[in-house]
Amino acid sequence: MDNTYHTPVMLAECIEGLEIKPNGTYVDVTFGGGGHSREIMKHLGEKGTLVAFDQDADAQQNMIADDRFIFVDQNFRYLKNFARLHGVIPVDGILADLGVSSYQFDQADRGFSIRFDAELDMRMNQSGDLTAKQVVNTYAEADLHRIFGIYGEIQNAKSLARTVVTARLNGSIDTIADLKNAIAGLIPRGKENKYLAQVFQALRIEVNQELEALKEFLFQAAEILKPGGRLVVMSYHSLEDRLVKNFIAKGKFSGELEKDIYGNDDRPLVAVSRGAITATEDEIKQNNRARSAKLRIAVKK
């Protein structure tokens with residue numbers, strides 16, 4: 001594996017969190033550059049199995065040639081179906097490293113990064129139908145307002161949506177440069193990169209249905225884990241982390257923790273660590289992406 005593809009964040013903490021059994025069955029639902037998967041494989045014995053998911057065709061160039069390794073070219077929202085297809089239910093541990101890989105950010109033509117000019121794409125699965133260009137050019141103002149406000153947590157989301165809708169009357173907003181030019185008047189001076197990153201995050205989440213996929217994944221992960229099995233999830237922004245935190249704490253994404261008829265907590269998972277685990281200062285110096293990472297570990301009851 002070429003580390004330029006993606007340097008795994010908190011690799012040791014993730015592996016430790018999984019508590020790998022040599023003959024166990026594990027799932028890495030965000031294979032990417034294969035960094036986490038390769039480390040898991042080192043801890044597996046002859047009868048161990050690792051199933052890896054990735055919807056990005058580029059990730060397939062990092063496949064592991066090993067009889068104990070199964071690759072699934074799908075979004076992790078289909079975890080249970082494909083785990084069943086490959087006969088691996090129940091599993092001993094599941095790892096998810098959410099978000100966009102360094103490699104995807106660095107591929108200019110994918111349209112993920114504010115550093116390059118390219119078509120507004122942002123699809124993690126390049127055979128997907130919806131692109132950022134379509135969102136920007138066809139969504140109603142109210143929908144853009146919602147996306148920018150909720151997914152981007154942008155304070156002037158309403159003005160931003162109106163500005164985009166007005167700008168596209170003069171011609172299609174096709175590229176990153178087109179979008180930057182269209183919204184230039186709204187970007188706070190001195191905070192250009194942060195603001196644009198929030199706009200891009202909002203569009204990317206919408207294009208890839210990231211939060212819906214995460215919710216589906218978490219429900220399915222809890223279903224297919226063995227009792228005592230481990231769920232290890234790393235997220236990079238508060239929207240994802242909030243969903244993971246709430247699901248571990250309550251078995252759902254909003255509302256209060258429910259009790260069963262005997263008064264016991266009605267949730268499938270229990271947090272292993274109190275609060276989120278974060279990267280060391282040393283790791284952040286080596287890999288800036290680790291700065292925003294939050295790692296949560298839970299065990300199936």
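Two strands count as paired if DSSP finds at least two bridges between them. The exercises below use a predicted model.

**Exercise 1. Strand β7 and its partners**

Task: Work out which strands pair with β7, in what sense, and over how many bridges.

Solution: 
- Step 1. Start with β6, residues 269–271. Here 3 bridges join β6 to β7. The cut-off is at least two, so the strands pair. They run antiparallel.
- Step 2. Ala271 stands opposite Ala298 in β7.
- Step 3. Turn to β5, residues 225–235. Strands β5 and β7 are linked by 6 bridges, again in the antiparallel sense.
- Step 4. Ser235 faces Lys294 of β7.

Task: Decide how far β7 is enclosed by the rest of the structure.

Solution: 
- Step 1. Take the strand, residues 294–300.
- Step 2. Apply the cut-off: buried means under 20% relative accessible area.
- Step 3. Of the 7 residues, 5 are buried, so β7 is largely enclosed by the rest of the structure.

**Exercise 2. The buried side of α7**

Task: List the buried residues of helix α7 and find how they are placed around the axis.

Solution: 
- Step 1. Helix α7 spans residues 157–167. Its buried residues are Ala157, Leu160, Ala161, Val164, Val165 and Ala167.
- Step 2. These residues cover an arc of only 165 degrees around the axis, which puts them on the same side of α7.
- Step 3. Recall the helix geometry. An α-helix has 3.6 residues a turn, so residues three or four places apart point the same way.
- Step 4. Identify the cover. It includes α5 (132–138), α6 (141–151), α8 (176–183) and α9 (192–208).

**Exercise 3. The cavity**

Task: Describe the largest cavity by volume, lining and residue class.

Solution: 
- Step 1. Count. The structure holds 1 cavity of 30 Å³ or more.
- Step 2. Size. The largest cavity has about 450 Å³ of space.
- Step 3. Lining. There are 32 lining residues. Nearest the centre lie Thr30, Asp97, Leu98, Gly99 and Met124.
- Step 4. Elements. Those giving two or more residues to this lining are α2 (35–42) and α10 (210–224). Helix α10 gives the most, with 4 residues.
- Step 5. Class. The lining has 12 nonpolar, 14 polar and 6 charged residues.

**Exercise 4. Asp58**

Solution: 
- Step 1. Compare chain and space. Asp58 and Gln104 are 46 residues apart along the chain, and their C-alpha atoms are separated by 8.9 Å.

How values were computed:
Residues are numbered from 1 along each chain as its sequence is written. This is a predicted model: local features need pLDDT of at least 70, side-chain atom pairs count only at pLDDT 80 or more; totals for chains, interfaces and linings use all residues. Side-chain values use heavy atoms; hydrogens and water are left out. Buried means under 20% relative accessible area, exposed over 50%, partly exposed in between (1.4 Å probe, protein chains only). On a 1 Å grid over the protein atoms alone, a cavity is a set of points where a 1.4 Å probe fits but cannot get out, and a pocket is an open set with protein on both sides within 12 Å along at least five of seven lines; lining residues have an atom within 4 Å of a point. Grid points are joined across faces, edges and corners, and a volume is the space filled by probe spheres set on the points. Ala, Val, Leu, Ile, Met, Phe, Trp, Tyr, Cys and Pro count as nonpolar, Asp, Glu, Lys and Arg as charged, and the others, Gly among them, as polar. The arc is that of the directions from the helix axis to the C-beta atoms. Contact means heavy atoms within 4.5 Å.
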